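Let's walk through some side-chain contacts together, one question at a time. Have a look at the model first.

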Amino acid sequence: MNRLLPALGIALLGILPVQGAEKRLPVPGKSFQIQGHTAFLILPKEDSKRAGPRPWVWYAPTLPNLPGREERWMFERWLDKGIAIAGIDVGESYGSPSGRKLYRALHKTLVENHGLAPRACLLARSRGGLMLYNWAVEN
């Protein structure tokens with residue numbers, strides 16, 4: 001029990017992923033699980049004129065408290081232009097092989113099951129750069 005308390009405290013601070021957690025998003029969207037990690041997808045309103053895969057922004061890092069409400073303004077502008085936003089909480093992975101594996105799983109899910117374009121615009125904030133850019137180099 002004593003070992004769980006520090007991990008729980010760290011998780012509550014947003015440093016570790018909270019397994020099975022519902023994602024709080026700054027705009028309406030959905031959260032779901034990929035290999036036990038919380039992911040999210042925010043889709044713009046349907047555009048019946050759209051042909052082909054939907055463009056999207058890959059947001060990182062997606063810790064329990066991110067993206068935050070300060071992202072709302074930016075997200076709304078993308079959504080108004082028909083651009084989706086997505087991400088996955090890989091914890092403090094710093095671009096590690098385990099984090100990149102989860103990124104591959106998210107990418108595959110979004111492209112194959114949700115009609116998103118194979119190429120995303122990467123929005124890497126702070127250590128999100130380590131995560132996204134290491135994944136990008138590998139892929």
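Rings of Phe, Tyr and Trp (its six-membered ring) count as a pair if their centres lie within 6.5 Å. Keep in mind that this is a predicted model.

Q: How many aromatic pairs does the structure hold?
A: Ring pairs link Trp56, Trp58, Tyr103 and Trp135 into a cluster. Across the structure, the number of aromatic pairs is five.

Q: Is Trp58 buried or exposed?
A: Trp58 forms a tilted pair with Trp135, at 4.7 Å centre to centre and 55° between the planes. The pair links distant parts of the chain, with Trp58 in strand β3 and Trp135 in helix α4, 77 residues apart. Buried means under 20% relative accessible area. Trp58 has 0% relative accessibility, so Trp58 counts as buried.

Q: Which residue forms a salt bridge with Arg104?
A: The closest N and O atoms of this salt bridge are 2.5 Å apart, and the partner of Arg104 is Glu138. Because Arg104 lies in helix α3 and its partner in helix α4, the pair ties together parts 34 residues apart in sequence. Arg104 is partly exposed, with a relative accessible area of 36%. The residue asked for is Glu138.

Q: How far apart are the closest N and O atoms in the salt bridge of Arg100 with Glu138?
A: Arg100 counts as buried because its relative accessibility is 15%, whereas Glu138, at 40%, counts as partly exposed. The closest N and O atoms of Arg100 and Glu138 are apart by 2.9 Å.

How values were computed. Residues numbered from 1 in each chain as written. Predicted model: local features only at pLDDT ≥ 70, side-chain atom pairs only at ≥ 80, totals over all residues. Heavy atoms only, no water. Phe/Tyr/Trp six-rings, centres within 6.5 Å; stacked < 30°, edge-to-face > 60°. Helix = DSSP H or I, 4+ residues; strand = E, 2+ residues; numbered from the N terminus. Buried < 20%, exposed > 50% of the residue type's maximum accessible area, 1.4 Å probe, protein only. Salt bridge = Lys/Arg side-chain N within 4 Å of Asp/Glu carboxyl O.
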